[in-house]
Amino acid sequence: MARNVAIVGIGQTNYTTLRNDVTYPELVFEAVTKALSDASMSIDEIEAVVFSLAPTSLVGVDAMERWCIDAVGAKGKPFMRVNTGGATGGSAAQAGYFHIASAFFDTVLVVGAEKQGDTPDTQLILNQIWDPRFERAVALNAINMSSFQAVRHMHKYGTTEQQMAMVSVRDHKNALNNPHAHIRQAVSLEDVLASRVVCWPLKLLDCCPRSSGACAVIMASEGRTRKLMQRPAWIKGIGATTNTYYMGDKMETEMFNDHGDWDELALAAEHAYRMAGISNPAKQIDVAEIYGPFSCLEIAAVEALGFCPKGQGGKFEEQGFFNMTGELPVNPSGGALCSNPIAVTGLVRVAEAALQVTGRAEGRQVNGAKTAVATAIGGSLQFHTAMVISANL
Amino acid sequence: MMKEKRELVSVPGKWDISFNYAAGKTVSHFLAQIRDNGRILGMKCAKCHRVMVPPRSFCERCFVPAEDWVELGDEGVVEAFTIVHDVFEGSPPPPYAIAYVKLDGADTALANFVDGLDLSDISEATQRLKIGARVKVEFASRREGRITDFKYRIIG
Amino acid sequence: MDRRVAIVGIGQTRYETGKTESLDEIAFEAASKALADAGITRDEVDNVVIAASDQLDGRPISSMTLACPAGGYLKDEVKASDDGTLAVVLACLRLLSGVFHTSLVVSWCKCSEVPTAKVTNLSFDPFFHRDLGLNHINALSFQVNSYLSRYPISEWVPAKIVVKNRANAMGNPYAHLVEEVSLEEVVQSPIVCPPLRQLHLPLECDGACALVLTTRERVRLTTQKPVWISGLGWAMDSYYLGERDLHQLSSVAKAARQAYQRAGIKKPIDEIDVAEINELSAYHEIMAYEALDFCTPGEGYKLVEEGSTELTGKIPVNPSGGALAASPLFAAGLVRIAEAALQVRGDAGERQVTGVRTALAASCYGICAQGSSVFILSQES
Ligand SMILES: [Zn+2]
């Protein structure tokens, strides 16, 4: 079976719209040096690099990863970029895992950065992602794609705009404790509901900001990890599922995968849970870092992850189940609603989950957290990844 | 070193790449039928019997080629929708509504704009534009063989 | 790598310009052919690895519309960038981890839909290089000139490579450029950027290529003769051309060293029976001989003059015709692996080299081969 893999170093920049003081490779370099120092390693000890970068049209240089070879110390080393749209960070973390689980390497650096502040309209680019023969001409983008999910969830289960707003309130509250978070400002339920409509039912405060920033995660084999540190975060399970591009294919009456639900994420989580020996996620998972760039998506995610019955995500949110003091805290970091550096948002979830299970999450620490799950989402809500991370091997 | 005020520079740039996306035989026929005859066709998978629109030359679930055209009705039911109230570069001026509609005879839903609704009052608009609402396809009189050659209109 | 992962299915579309099928149809064709070649269905595949360039595909996240046509529906699917061969690398890592058992690998490119040089110009940084109008073609002349200033070989040497590859392509039913050329035609073909002439360069075209990979435990579930991946390596060089030793293909040398070490190859020229190289130009094929340690630096021309890399030579290179005969740019490296695998299997038809037991496939990608991956394929020992 697969070799054991641990996360032994983490580096994050702060997330913000503009980083005019650095070029893209310089931004990447910031996270790399932080992660190396966190792991007490030198760049020469890194054997291979996985680069996490989603659409390069957001950063304005095609194949931008190639400009970063020196910033990640990869000259002459094995290097690959992984790109699964929004899910890229989750997929890159899994690619890093395979570099070590395959016994090819003992150390790997997984790193990337987003610098979408350099382009004025992210959603223009996120209109171009659609099929030029069909949806592109119908003005789709990532926001209205999520609106379609929201209205189906509302229709099927009676989920309300208030419940979605509560997700946003919780994330914004949590982000106050995260020094890296882009948006660090509390919002009330009334604030969210009164914010202007963007794509109904989503309002401005149901939506993520456009963030720039970098994240780096160093992984190591069990042997190397034991020499490096006392408190590693072990990757216990991984899973990913790709669904159809066509959102309209997920609107059949009798089928398991509905655009309103995230059954694909449930499949990915099932694989990760099985590897990790988790049979009752609601009990065995202590904290979750979920990639939900729009409030409605977190509701679908908690259901798919098995934290509550299908359709009950909104009600559980209402009851405070996912608050910092609730049964299963979700997004102590503030989540993607408060920082969305698209190329690495999935990797940030992994980093934050690792910090939680090793008790290193400072002001946002969930007491006694030992096992966490981190997710990512991309494409037409079609690419899903899940990773279980634990303090215990 | 002398202390001086350092300025930060941004170099302007624009990606200006043209593409010619080959639509393929199947989608070309679909678009031509919309343009020439105001007909919307679906593609049926011989294995799972799904009628797919947008049509494709293969079923990605069964992983077999598909070649049975089926004519779809010009009415259908709303499966998902949104009302856009914000300005997006390259998109129409707001407000506008987009719906996924399962046309009669199809198993999948197709996205397009919804016409003829007063979108200024959202709660009123969502009384009419909702999941389960029936719509009719309305073709433009001058058509170019694009998906935007038709719109949906709520019936009743 | 001890023959633990095998190629058991190969699927290729024809490589030609101006394909009228849409991109998803091309991906589906290659994926279906690879599954059929392996004698399995999509049900037996537990993961899919694709590789593509968003910009060459004209879609910021091209896997949205292409992952499922490539076989990814409700599978664990992931996309690598930079080059088609990196999908094979990632698939190998996934299989060797023991988490997965059978991978479908697919890559594609449709050069006829997009101005490729314009796209690659956008891969240059906007501060120092982009305004100079550099692209993946004209930048090659920096490299070739720098090679020539150190090793001044005659123009007839690269011409011989072109003649060889074009002639080889006559036996390849997938190559679209089935037309032989003479040495004179090569040296008289129009100058693109000195010393590179039109016929020295790959002819960019459309197409897709797919492989089915599986583990030793699952090989018996397929109907195909396994081709074992006995070594692989991949590496990147610096980004700024000014920081590189342009006269040599450093990334190829680095990747080859890893691959040879894993495969236990000590003397490549004696141990490799045939090679498929994604040559970025005719000159680059010669540079690759040296980087792959078929000969010492500067001696590549000798292999050409001796005819060692011709179809009947000691180490035939590009019996398929290589990229000079057909280059679906991003997928061209993956095509080299497919062709090398066909050689090992003995299924290469008219372009078959006799007695192949071990084959090498090498890809070069990025500006002036910034990146490279090298694979060693073997028969059952
Ligand atoms: Zn079917």
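**View 1. Where chain C meets chain A.** In this predicted model, chain C and chain A bury about 4800 Å² between them, and carbon and sulfur atoms give 60% of that area. The contact brings together 57 residues of chain C and 61 residues of chain A.

**View 2. Polar and charged links between chain C and chain A.** Three salt bridges are counted between these two chains. One to find is the pair C:Asp82 and A:Arg66, whose side chains meet in a salt bridge with an N to O distance of 2.8 Å. There are also 21 residue pairs in polar contact across the interface of chain C and chain A.

**View 3. The side of chain C that touches chain A.** Several elements of chain C give two or more residues to this side, among them the helices α2 (54–57) and α3 (63–66) and the strands β3 (76–80) and β8 (227–236). Which element gives the most? That is α4(C), with six residues. Sorted by class, this side of chain C holds 28 nonpolar, 14 polar and 15 charged residues.

**View 4. Where chain B meets chain C.** Here 20 residues from chain B are in contact with 30 residues from chain C. The two chains bury about 2000 Å² between them, 65% of it on carbon and sulfur atoms.

**View 5. The side of chain B that touches chain C.** Both α1 (24–37) and β4 (64–65) of chain B supply at least two residues here. The most come from α1(B), with three residues. By class, this side of chain B has 11 nonpolar, five polar and four charged residues.

View 6. The SG atoms of B:Cys45, B:Cys48, B:Cys59 and B:Cys62 are the protein donors of the zinc ion, at 2.3 to 2.4 Å from it. The site is tetrahedral, with angles of 105 to 113 degrees among the four donor atoms. Along the chain, the donors follow the spacing C-x2-C-x10-C-x2-C. B:Cys45 sits in the loop between β1 (41–44) and β2 (51–52) of chain B, and B:Cys59 in strand β3 (residues 58–59), so this pair ties together parts that are 14 residues apart in sequence.

Conventions:
Residues are numbered from 1 along each chain as its sequence is written. Chains are lettered from A and ligands numbered from 1 in the order in which they are written. This is a predicted model: local features need pLDDT of at least 70, side-chain atom pairs count only at pLDDT 80 or more; totals for chains, interfaces and linings use all residues. Side-chain values use heavy atoms; hydrogens and water are left out. Contact means heavy atoms within 4.5 Å. Buried area is the accessible area (1.4 Å probe) that two parts lose on being put together, summed over both. Helices (H or I, at least four residues) and strands (E, at least two) are DSSP runs, numbered from the N terminus. Ala, Val, Leu, Ile, Met, Phe, Trp, Tyr, Cys and Pro count as nonpolar, Asp, Glu, Lys and Arg as charged, and the others, Gly among them, as polar. Donors are N, O and S atoms within 2.8 Å of the metal (3.2 Å for Na, K and Ca); water is not among the atoms, so sites may look incomplete. Four donors count as tetrahedral if all angles lie between 85 and 135 degrees; four count as square planar and six as octahedral if opposite donors are over 155 degrees apart and all others between 65 and 115; anything else is irregular. A salt bridge is a side-chain nitrogen of Lys or Arg within 4 Å of a carboxyl oxygen of Asp or Glu. A polar contact is a pair of N or O atoms within 3.5 Å; within protein, one must be able to donate a hydrogen and the other to accept it, and residues adjacent in sequence count only if both atoms are side-chain atoms.
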